[in-house]
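Hello! Here are a few notes to read alongside the model, on the theme of charged side chains and their partners.

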Amino acid sequence: MSWGTELWDQFDNLEKHTQWGIDILEKYIKFVKERTEIELSYAKQLRNLAKKYQPKKNSKEEEEYRYTACKAFLSTLNEMNDYAGQHEVISENMTSNITVELARYVQELKQERKSYFHDGRKAQQHIEICWKQLESSKRRFERDCKEADRAQQYFEKMDADINVTKADVEKARQQAQARHQMAEDSKADYSSILQKFNHEQHEYYHTHIPNIFQKIQEMEERRIVRIGESMKTYAEVDRQVIPIIGKCLDEIVKAAESIDQKNDSQLVIEAYKSGFEPPGDIEFEDYTQPMKRTVSDNSLSNSRGEGKPELKFGGKSKGKLWPFIKKNKGATPEDFSNLPPEQRRKKLQQKVDELNKEIQKEMDQRDAITKMKDVYLKNPQMGDPASLDHKLTEVSQNIEKLRLEAQKFEAWLAEVEGRLPARSEQARRQSGMFDAQNPATVNNCAQDRESSPDGSYTEDQSQEGEVKVLATDFDDEFDEEEPLPAIGTCKALYTFEGQNEGTISVVEGETLYVIEEDKGDGWTRIRRNEDEEGYVPTSYVEVYLDKNAKGAKTYI
């Protein structure tokens with residue numbers, strides 16, 4: 001099967017077919033190039049997607065990634081980066097192994113094809129020239145033969161005519177002989193050219209064209225093999241990244257399997273546990289017994305002697321609207337005393353750990369400077385040892401300063417850890433109740449931190465303050481605290497159903513008294529009458545404050 005023998009007369013069709021083959025190759029190159037662009041775009045979009053959902057540094061999101069589910073999600077984002085990287089590898093390998101190589105091969109193929117068809121056209125032109133020469137000699141031979149016949153006929157006519165002179169007959173004879181000689185020469189020339197043409201034609205159809213067409217056939221077959229190899233490479237480039245992509249997916253599955261719901265639940269406890277105990281039961285207060293209410297110096301001693309079961313601390317329990325503890329808007333105290341015990345302990349422990357790391361860092365720096373100073377002492381040419389004294393002194397001062405700071409926080413931490421187990425009294429303070437028969441309990445509670453309506457936890461600084469509070473409450477232990485004075489009025493813009501403890505329901509258009517402004521947490525304390533007061537959302541009311549009012553905004 002050879003194009004040279006089978007397609008000897010299909011020069012033009014072979015030229016069109018080989019051009020079509022090159023067009024197919026260029027189309028495949030374009031296809032692969034567009035695939036590489038898609039892979040790059042896909043990889044870029046994957047990376048942007050993973051980056052979009054990465055936690056921002058120094059933000060609340062970073063704290064969320066302590067949970068195993070969030071860690072698994074973060075692992076998924078990281079694996080998606082690697083996954084995107086493999087698509088970039090696909091693009092790079094297809095570009096280098098297919099697109100670039102085939103583009104170079106197409107240029108070589110075009111040059112080779114051009115050379116072969118140039119040789120074919122040259123052979124065609126040569127055989128055409130030979131054919132023209134043959135036709136020319138043939139026509140000349142034919143013309144000379146006809147001229148010779150006419151000359152012979154003219155001679156015979158002249159020779160047969162008795163009226164023609166002998167000289168004219170001789171002239172006609174000589175002319176006929178010349179024409180016959182010219183015909184013979186043309187015959188010989190035509191025969192020679194014909195033999196030459198037949199040789200050239202044989203060479204053309206049996207040697208030159210078959211050789212050229214055979215080379216074109218080999219060229220075309222190489223093109224077909226090359227595009228097949230490129231298709232294999234196309235598949236192999238994809239196949240090479242499958243194991244790595246599989247590992248990425250395996251890591252995502254592994255991360256998903258590492259999710260521990262119990263651990264996440266425990267982290268929620270650690271994050272929000274206050275360290276307080278729930279409030280105890282409120283004891284029944286019996287008002288049916290007649291009691292003599294007198295204010296005297298013996299009130300405190302009489303109450304203690306008679307063993308009265310309950311003392312009011314800080315007034316009515318309704319003053320302790322602790323479900324609505326307000327966050328402290330001021331600066332955070334250095335000892336984190338504004339936090340509940342458990343959260344304070346965690347913050348102090350974190351601070352101690354940070355200080356210890358800084359101390360270790362400074363100690364490492366001091367050791368390095370000391371070693372450098374020893375080297376300078378042994379080799380003065382390397383540097384002046386005295387030049388390091390200032391730096392060494394500075395580092396030592398930093399270490400001492402950090403140690404003092406760490407000791408301060410460790411003392412606070414020890415104080416918190418030592419107090420955490422005794423939570424029953426804290427629970428009582430939360431409910432606003434104290435046992436009057438146990439003065440020690442009062443003292444202990446006075447030292448503990450107390451939750452105030454603004455969300456901070458304060459500590460009584462002296463026993464004097466405690467005694468003042470006790471003396472005030474013992475004047476009339478069963479009497480209600482002095483109600484807060486009104487500092488203005490408000491009109492309810494919307495109806496609010498106060499279903500939680502410490503809130504109060506209001507009806508749209510209702511007018512009430514304001515006894516405490518919004519402190520930034522979105523709640524305003526109002527009073528309907530002597531016995532009804534509570535918090536409502538500030539956005540639900542329109543407040544009209546009395547500029548001359550001197551109502552207390554903070555209370556015990």
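How many salt bridges does the structure hold?

1. The structure holds 24 salt bridges. A salt bridge here is a side-chain nitrogen of Lys or Arg within 4 Å of a carboxyl oxygen of Asp or Glu. As background, side chains of opposite charge can pair when their charged atoms come close.

2. Before the examples, a word on the source. This is a predicted model, in which local features need pLDDT of at least 70 and side-chain atom pairs count only at pLDDT 80 or more, while totals for chains, interfaces and linings use all residues. Residues are numbered from 1 along each chain as its sequence is written, and side-chain values use heavy atoms, with hydrogens and water left out.

3. Take glutamate 15 and arginine 121, whose side chains meet in a salt bridge (2.0 Å, N to O). Glutamate 15 lies in helix α2 (residues 11–52) and arginine 121 in helix α4 (residues 68–160), so the pair ties together parts that are 106 residues apart in sequence. Helices are DSSP runs (H or I, at least four residues), numbered from the N terminus.

4. Glutamate 236 also forms a salt bridge, with arginine 239 (3.3 Å, N to O). Both lie in helix α5 (residues 166–257), three residues apart, about one turn of the helix.

5. Now look at arginine 525 and glutamate 516, joined by a salt bridge (3.6 Å, N to O). Are these two buried or exposed? Arginine 525 is buried at 2% relative accessibility, and glutamate 516 is buried at 0%. Buried means under 20% relative accessible area (1.4 Å probe, protein chains only). Salt bridges with shared partners link Glu516, Lys519, Arg525, Arg527 and Glu533 into one network.

Methods:
Helices (H or I, at least four residues) and strands (E, at least two) are DSSP runs, numbered from the N terminus. Buried means under 20% relative accessible area, exposed over 50%, partly exposed in between (1.4 Å probe, protein chains only).
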